[in-house]
Amino acid sequence: MALLPPPLLLLGFLLLVQAPSAAPQTFIGINYGDIADNLPPPASTARLLKSTTIGKVRLYRTDPAVVAAFAGTGISLLLGAANGDIPSFASSPSAAAAWVAAHLPSSTSPAVNGISVGNEVLYSGDATLISQLVPALQNIYDALPANSGIKVSTVNAMDVLASSDPPSSGAFKPELSAALDPLLAFLSKTGSPFLVNPYPYFAYQDDPRPDTLAFCLFQPNAGRPDAGSGLTYTSMFDAQVDAVRAALDAKGYKDVEVVVAETGWPHSGGTDEAGASVENAHAFVSNLVSHLRSMVGTPRMPGKSVDTYLFAVYDEDLKPGKASEKSFGLFQTTLTETYPTGLLRNGTAGLAPAPAPTVRPASPPPAIPQVGHTSIALVVTFV
């Protein structure tokens, strides 16, 4: 059989990496929030997501009607229990069992891959709630059917890290040890992942320079060497994920997988929100999708894409906070894309080269501390 010349082999590989797959990709998920008053019915959303290569959906509130809408779609669910559920789960195994009985599908479709109990609890500052977290996780886990394979975890903000710059220096905040140590032990014992919310967008907010924007959007840049590991990073996403990986490794939990529970980029924002634009949202999401499909992995974890839940299906018009908080939707309520994402099975609109980033006029950049952060993202400057 004649061998293809190297250029054709390369072209074939690139088409394989970039072209939308006909089957759901289990490493690409999406968050389905509902803080809005204009959302389509769950059945319409389920049909929409079935038309994409998204393989997983994370729910914040586990509405049985929403769960039932995903039956037969081939999409698995990460069910969510609210922070307010934690006290009853922790104090009452029967309450945890009742929640599982009420929210876990009675059939095998849709599949449930995990249950997330609470959101950014360790960042809440509520010492009582924090102390109840692991007992709640344990009681939910104990209530699951035998051999279900369902993972039980909780979602963490990037602020659990004391250091992330460079990524090899990743370390958890010492003051969280009393809560983190039993959490990590539980995750290791049950084979459950460490769920975390890295947002390059918020890192750019803290360091709004053109070179930082390119680094955050997976666009061409000089790269940032990590002297501690000898690795070079070309994206903020990889740097943030690897900082979490380094922190887990430093704690002795190399067996605990990192899963990105949320990441995204707003397509609109206020005048004080640098980089919130359709162009940048398109660049971030479409380039992230391509990065995940490449199976390159991160510099510290090569050869396998980290499971990643994009944020989010729709804009949420009732969310409090800045304008950008309402504007992360990849899809409109008309069931069309907000911008090309590369996720639709029957189209390649999201595969065009990402446009040049939108940059606000910049004065000389301020000095950036080694570990600057917002509520959900740490800046990686490698300086």
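Biologist: How many strands does the closed barrel have, and in what order do they run?
Modeller: Eight: the barrel goes β1-β2-β3-β4-β5-β8-β11-β12, with parallel pairing. Keep in mind that this is a predicted model.

Biologist: And what does the twist average from one strand to the next?
Modeller: The average is 25 degrees.

Biologist: Let's zoom in on β4 and β5. How many bridges do they pair over?
Modeller: Four bridges, in the parallel sense, between β4 (residues 112-119) and β5 (residues 151-157). As an example to look for, Ser116 has Ser153 in β5 as its bridge partner.

Biologist: Which helix lies across β5?
Modeller: That's α7, residues 177-190, which lies across both β5 and β8 (194-197). Its direction is about 145 degrees to β5.

Biologist: Switching to helices: at what angle do α5 and α6 cross?
Modeller: Roughly 55 degrees, and their axes come within 8 Å. α5 covers residues 93-103 and α6 covers 127-143. The two are therefore oblique to each other, and the crossing is right-handed.

Biologist: Which residues meet there?
Modeller: From α5, Pro93, Ala96, Ala97, Trp99 and Val100; from α6, Asn139, Ile140 and Ala143. By class, that contact has seven nonpolar residues, one polar and no charged ones.

Biologist: Now α2. Which of its residues are buried?
Modeller: In α2 (residues 42-50), the buried ones are Ser44, Thr45, Ala46, Leu48 and Leu49.

Biologist: What covers them?
Modeller: The cover includes strands β1 (25-32) and β2 (54-59), plus helix α3 (64-69).

Key
Residues are numbered from 1 along each chain as its sequence is written. This is a predicted model: local features need pLDDT of at least 70, side-chain atom pairs count only at pLDDT 80 or more; totals for chains, interfaces and linings use all residues. Side-chain values use heavy atoms; hydrogens and water are left out. Axes are lines fitted to C-alpha atoms, for helices over the stretch in contact, and angles run from 0 to 180 degrees between N-to-C directions. Angles under 35 degrees count as roughly parallel, over 145 as roughly antiparallel, 65 to 115 as roughly perpendicular and the rest as oblique. A crossing is left-handed if the near helix is turned anticlockwise from the far one by less than a right angle, and right-handed if clockwise. Contact means heavy atoms within 4.5 Å. Ala, Val, Leu, Ile, Met, Phe, Trp, Tyr, Cys and Pro count as nonpolar, Asp, Glu, Lys and Arg as charged, and the others, Gly among them, as polar. Buried means under 20% relative accessible area, exposed over 50%, partly exposed in between (1.4 Å probe, protein chains only). Two strands pair if DSSP finds at least two bridges between them.
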